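Reader: I have a structure open and want to learn how to read its features. Where do we start?
Author: Let us start with charged pairs, then turn to helix packing.

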Amino acid sequence: MVVKPQYRLLCASLFVLALACCSTGGKLARLKKTPPAAKISVADVLTADTLRQADAHENDTLIIRNIDGHDMIVMKAIRDEDGQMVAGGVLNAARVTARFRNVAERHGKVDLCFQVIVPAAIQDSRWQLRYSPEMIILGDTVALDKVIITGREYRKRQLRGYQQYQRFLDRIISDSTKLIHMKDLEIFIRRNIPELYAFRNDTTFVSDEQFDSVFGVTEREAIDHYTDRLACRMNNLRISRKERMYRKYVKAPIITQGIRLDTVMVDSNGDYVYNYVQTIRTRPRLKRVDIVVGGEIYEQDRLLCGIGASDVLNFYISSLSAFVDDSERYITKIIERKVLANASHFIAFASGKAEIVENMGDNRSELEAIKHKLQQLMLNEEFDLDSVTVTATASPEGMFKSNAILSQKRGKSVAIYFDRYMKRLLDSLKREEGVNINLDAGFRPSAAKAEPIRFTGRHISENWDRLDILMEEDPALGQSDKKEYRSLRQTENPDERENRMRGCKWYKYMRTELYPLLRTVAFDFHLHRKGMVKDTVHTTELDTVYMAGVQAIKDRDFERAVQMLMPYGDYNTAVAYCALDRNTNAMAILEKCERTAQVNYMMALLYSRAGDETNAVRHYLMSCRQNPQYVHRGNLDPEISRLITGYDLNDQLSQYQNN
């Protein structure tokens, strides 16, 4: 029997397909028996810029349409053996093996560069490998963009599904005129309505009402008569089936959201390596970031097996905060023997009266607050109360001389009231010497002062200064009212001034709402420190504000550090400025500092940023000569490592380490 060539080709194809299926099945069985683990490594010798360039592909356009009919993806395309365009890309295969890396913080950011390794053992043209990197930062786990590696057959089936769905979409008629027997409609109009047919090429608008009134039939009725109703029903049916047909044809949709890479594997005998760069913003107390990668293997919409989590990569962030000088800083503080404390209270008086009435207004609560303050001062362990000055003020209504006399009487009245209260309090303390009393929790009356306290009464006839503030800040008064008040306020005689204001529209409001707030009593408490003889003592104590600024640098809260250290303008201030890339401010401070190893290194870094490589190299070598530890540090800072490589400084630097 003679076998025809076409049958030989078919048999060969089936044989190859059977081998491929056996190979795929055997590979899957091995993977299920020994589940694969993801592999990642830090890109220890590559920078973020070179990694981005290495994985930058030139793209050919391949447009895919999603369920909504919108174009959704543009991918690199290659022509396969059948002449069809298939998305594809070759991944960079450079590999570096390391488990941790020191990375430099710059401009408040850090580049985490690592490599996702796709072993040849789990590559298959029918599969899609979905890698899911995660970042562990300050105890939180953050999902990063996925990396998807797609087999060529997998992608072809994906695209074939989209093509089938697109053919279905193409059958949906979007132009409604195609559902009308236009030729028959035109014949009808030409035969029966020649007047309308004459305007077939005219753009003049004719409303339905005009159409109906002239010809006895509406335009809608004419169109409905010649509409292909069967075709409309079929078209509406296709529209209603869009979502179901999308699920039927597109078994494995192409993912476009949250994806760092979606590329197609071409034939290769080795591993694929994708260079991943994740940029993060630094934050206070951030010293380490961990990266781990897991994943899954899919065959279209079917999960074949998982890819176990990789080993953890550790990125240790080297920050300029390491250059902080945490030496304690002290300030000289002057302690005064005499201290003045004050408080203002509102005590209501009857009109034209100076006697204190406890039940009037809020007098009772105000008087109790003053008594409580006096009790605290009497029992204070640090200060002794010497005397109290009471200043009473009055509002401007009435004659100035009368108000002066009235405010003076009120001041004396308050002084006498509390003088009597203090005598009763001291008598009580003497009677119960050594016994706890309920004056203030935690104190004993034995610590109280037994000598009488002198109260002095003062007065301010009319409190115009306070009234100025109340008028200016009152939101109920307009700007014109305030301007008029300021003008009348210039009147020298207070009685004439107040009399002129009586004619203003805002006077009644001022007298009713603001005048009562002027009848206050101010208390000035004169104290001295116990056991202190000299009027002033100079003492040295830790500068807590400065040390808080230093701690802010250690916590990498550089904005806060600058705010706290700016008034000092010293080396640590320069470190905070440099960390925020405020290089001019930092250099201006460092130029005035002693040229220590730290200062020279910082200046080298700043000169490198400014492009002055001559001074940058000179100061860096000086810092290494002063302190060989900066030889290693230079490799951590990109501004300095660039100088080491560009000027081949390693030989010279080794001399400093050996010495």
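Author: D465 forms a salt bridge with R489, their closest N and O atoms lying 3.7 Å apart. The model is predicted. This pair links distant parts of the chain: D465 sits in helix α12, and R489 in the loop between α13 and α14, 24 residues apart.

Reader: What is the general idea behind such pairs?
Author: Side chains of opposite charge can pair when their charged atoms come close. Here, D465, D468 and R489 are linked in a network of salt bridges. A search of the whole structure finds 20 salt bridges.

Reader: Is D465 buried or exposed?
Author: D465 is exposed, at 56% relative accessibility. R489 counts as buried, at 18%, because buried means under 20%.

Reader: Which residue forms a salt bridge with E639?
Author: R609 does, with the closest N and O atoms 3.0 Å apart. E639 is in helix α23 and R609 in helix α20, 30 residues apart. E639 is buried, at 6% relative accessibility. R609 is partly exposed, at 21%.

Reader: How are two packed helices described?
Author: By the angle between their axes and the distance between the axes. Take α21 and α23: their axes come within 11 Å and cross at roughly 95 degrees. Therefore α21 is roughly perpendicular to α23.

Reader: Which residues in α21 and α23 meet?
Author: E613, A616, V617 and Y620 in α21 meet I640, L643 and I644 in α23. The residues of this contact divide into six nonpolar, no polar and one charged.

Note on methods
Residues numbered from 1 in each chain as written. Predicted model: local features only at pLDDT ≥ 70, side-chain atom pairs only at ≥ 80, totals over all residues. Heavy atoms only, no water. Axes fitted to C-alpha atoms, helices over the stretch in contact; angles between N-to-C directions. Helix = DSSP H or I, 4+ residues; strand = E, 2+ residues; numbered from the N terminus. Parallel < 35°, antiparallel > 145°, perpendicular 65-115°, else oblique. Contact = heavy atoms within 4.5 Å. Nonpolar A, V, L, I, M, F, W, Y, C, P; charged D, E, K, R; others polar. Salt bridge = Lys/Arg side-chain N within 4 Å of Asp/Glu carboxyl O. Buried < 20%, exposed > 50% of the residue type's maximum accessible area, 1.4 Å probe, protein only.
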